[in-house]
Amino acid sequence: MAWFDEPYLIDKSSLRIAHITDCHLFSNKAGEYFGVNTANYFEQALAHMAKQSLDFVIFGGDLTQDHSAESYFLFSELINQSDLRCPVFWVPGNHDDIAQLNRMSGGQINRAKHIVANGVELLLINSKGPTPAGWVTGTHLNEITERLFASASSKIMFCHHNPLPIDGYLDKHMLENGPQLLNILVNSENVFGLFHGHVHNEYMQTFRALPIYATPASSVQFKKHSPEWIQQDYGPAYRLICISTKKENISTDMEVVWLNG
């Protein structure tokens with residue numbers, strides 16, 4: 001089955017979405033990641049997002065920390081028990097198992113990777129490689145290229161791994177063929193931006209004028225520009241993204257929401 005099968009269609013020219021990533025859940029709801037109760041932080045973020053009148057949520061990967069089937073069940077349970085009512089889409093992180101993510105999907109959690117609205121399309125990329133570093137396969141790069149040129153609509157991309165170095169510890173686990181992917185996106189001349197997680201902090205970079213945004217984790221953050229792996233508890237976070245395609249021009253307004261837990 002092709003990665004971009006079964007597009008999700010939404011008949012709107014303005015979208016209000018949230019990008020949340022790196023919740024690192026455990027089989028036990030009391031599990032802690034560097035001293036942070038990740039389920040509690042994820043619940044706080046879900047409660048806040050539920051008040052934002054969202055069209056949908058994109059989860060940016062690293063659902064699990066202990067790689068247990070129960071952690072995927074907990075993710076689904078926390079969403080179902082929250083007041084969030086919009087669809088939740090996902091991309092896989094290096095910690096995740098795609099088969100488990102697919103088994104979890106259904107109902108509110110939607111496995112579609114191609115979201116089509118009026119004048120804009122969102123493509124959710126698989127950057128999971130054979131190691132903690134990211135890798136987009138040649139077959140998947142061809143799929144991405146085909147989707148980019150299949151319509152003139154503006155495209156916005158999401159993946160887990162950082163495609164460019166962030167001058168930090170996690171550069172050892174970045175998207176190893178990131179520049180190849182980015183050149184494909186830029187050469188299509190219809191990609192408006194790329195969003196990713198993985199680096200556990202907020203960043204904004206550019207590649208040949210293409211904006212690249214890193215969204216902080218809902219769990220714990222990693223200190224910026226440090227060769228050492230230093231964790232920082234700033235409370236849960238996510239990115240709110242508002243997209244408008246009225247009058248055939250795409251525009252975005254966004255903010256990183258820090259809940260200071």
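Biologist: What does the side chain of His-198 reach, and what makes this a polar contact?

Modeller: In this predicted model, the side chain of His-198 reaches the backbone oxygen of His-173 at 2.9 Å. A polar contact requires a pair of N or O atoms within 3.5 Å, and the 2.9 Å found for His-198 and His-173 meets that limit.

Biologist: Where is His-198 placed, and which residues does His-198 touch?

Modeller: His-198 is in the loop between strand S10 (191–196) and strand S11 (203–207). Leaving aside residues up to four places away in sequence, its contacts include Asp-22, Asn-94, His-160, His-161 and His-173.

Biologist: Why does His-198 count as buried?

Modeller: The relative accessibility of His-198 is 3%. Buried means under 20%, so His-198 counts as buried.

Biologist: Is Asp-62 buried or exposed, and how do you know?

Modeller: Asp-62 has a relative accessible area of 3%, and is therefore buried. Asp-62 lies in the loop between S5 and H2 and has a positive phi of about 60°, although it is not a glycine. His-67 lies in the loop between S5 and H2; its phi is positive at about 65°, and His-67 is not a glycine either.

Biologist: Why are the buried residues of H1 said to line one face of the helix?

Modeller: Seen down the axis of H1, the buried residues fall within an arc of 160°, so they line one face. Among them are Thr-38, Tyr-41, Phe-42, Ala-45 and Met-49. Elements against which the buried residues of H1 pack include strand S2 (14–20), helix H2 (69–81) and strand S15 (237–244). At the start of H1, a side-chain oxygen of Asn-37 comes to within 3.3 Å of the backbone nitrogen of Ala-39.

Biologist: What makes S1 and S11 edge strands?

Modeller: The open sheet has 7 strands in the order S1-S7-S8-S9-S10-S12-S11, with mixed pairing. Strand S1 (8–9) and S11 each pair on one side only, and these are the edge strands.

Biologist: How do you know that S11 and S12 pair?

Modeller: Pairing requires at least two bridges; S11 and strand S12 (residues 210–214) have 5 bridges, in the antiparallel sense.

Notes:
Residues are numbered from 1 along each chain as its sequence is written. This is a predicted model: local features need pLDDT of at least 70, side-chain atom pairs count only at pLDDT 80 or more; totals for chains, interfaces and linings use all residues. Side-chain values use heavy atoms; hydrogens and water are left out. Buried means under 20% relative accessible area, exposed over 50%, partly exposed in between (1.4 Å probe, protein chains only). Helices (H or I, at least four residues) and strands (E, at least two) are DSSP runs, numbered from the N terminus. The arc is that of the directions from the helix axis to the C-beta atoms. Contact means heavy atoms within 4.5 Å. A polar contact is a pair of N or O atoms within 3.5 Å; within protein, one must be able to donate a hydrogen and the other to accept it, and residues adjacent in sequence count only if both atoms are side-chain atoms.
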